[in-house]
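Please look over the structure below.

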Amino acid sequence: MAMIWKFMRVAKYSKTALSSKVKAREIPTLSRHSSSKTASPDFAANTSCSNTVELLGKAYPQDDYSNVTEKILSKVGKNLHNKKHHPLWLIKEQVKDHFYKQYVGRRGTPLFSVYDGLSPVVTVQQNFDSLLIPQNHASRRKEDNYYLNRDHMLRAHTSAHQWDLIRSGLDAFLAVGDVYRRDTIDNTHYPVFHQMEGVRLFSCHELFSNIKDGEGLQLFEKGHRTAHKQECHTMEAVRLVEFNLKQVLTKLVTHIFGDGM
């Protein structure tokens, strides 16, 4: 069973189909920085006179879906959340430190790994299809997203990386990064902002181990499961995950803002 938290949306630029059997596993090593390379803003984007857009060292052919402006392209690669002492970096580090200390695996290593350097250029499959968002869903509209072409776009949320990270074997991680949506600029909206989200998968044993007679409880109701649809979660599983989520968020808010909140 998956639990997803989105901790941070800073709204100014200075501002799943899971495998049918989810197993808990330890994360043997943990880097305090992403294993992905962070792009340098010096060669972030270049729109040439040809029908291609060069971004982060790659060329993307333009088509009828291409709608990224030069202004937005100029923001890609700044990586404010990774600039030491920047307000976004400070918040990110506070959240990371809290999770490293609060949630520890059996071997004493942090349960959550952190990914803060994943490329903001993703495929449409990553951004929508992997999250089971229907083809006709309003969130896919060109009016709401920045498309490089029909197949590639600037991520609209850090959730675009969930499927790949889960498929790599992770069951507890934080994903941090700049995201892009075609919002009208006002006091609380800007086309470029930042998200930090947490994802954790629970096995039956993890979720029900401390519950009396928990051996007989299940994550899902009996039903038909396909590659595109999972059964409904049982009420017991929903309530336990809801309780866990509230505890996680309460502890995080207290860590960042203190007991006076």
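Ala 172 has Arg 200 as its bridge partner in β9. That pair belongs to the antiparallel pairing of β8 with strand β9 (residues 192–201), which runs over 9 bridges. Two strands count as paired if DSSP finds at least two bridges between them; helices (H or I, at least four residues) and strands (E, at least two) are DSSP runs, numbered from the N terminus.

This is a predicted model, in which local features need pLDDT of at least 70 and side-chain atom pairs count only at pLDDT 80 or more, while totals for chains, interfaces and linings use all residues. Residues are numbered from 1 along each chain as its sequence is written, and side-chain values use heavy atoms, with hydrogens and water left out.

Strand β8 (residues 172–180) also pairs with strand β5 (residues 113–115), here in parallel and through 3 bridges. Val 114 has Leu 174 as its bridge partner in β8. Of the 9 residues of β8, 9 are buried; buried means under 20% relative accessible area, exposed over 50%, and partly exposed in between (1.4 Å probe, protein chains only).

Next come the cores. A nonpolar core is a set of buried Ala, Val, Leu, Ile, Met, Phe, Trp, Tyr and Cys residues joined through side-chain atoms within 4.5 Å. The largest has 15 residues, and those with the most contacts inside it include Leu 55, Val 121, Leu 148 and Tyr 180. Two or more residues each come from β3 (52–55) and α1 (70–73). Apart from this core lies another, of 13 residues, among them Val 95, Tyr 100, Tyr 103 and Leu 252. Leu 148 touches residues including Val 53, Leu 55, Val 68 and Met 153, not counting residues up to four places away in sequence; contact means heavy atoms within 4.5 Å.

β3 is joined by 4 bridges to strand β4 (residues 58–61), and the two run antiparallel. Leu 55 has Lys 58 as its bridge partner in β4. The hairpin has 2 residues between its strands, and Leu 56 takes a positive phi near 55° there. Most residues other than glycine have a negative phi. Leu 56 counts as buried because its relative accessibility is 17%. Asn 79, in the loop between α1 and α2 (87–102), also has a positive phi, of about 50°. Its relative accessibility is 12%, so Asn 79 counts as buried.

How many disulfides does the structure hold? It holds 0, a disulfide being a pair of cysteine sulfur atoms within 2.5 Å. Cys 204 is partly exposed, at 30% relative accessible area, whereas Cys 232 counts as exposed, at 55%.
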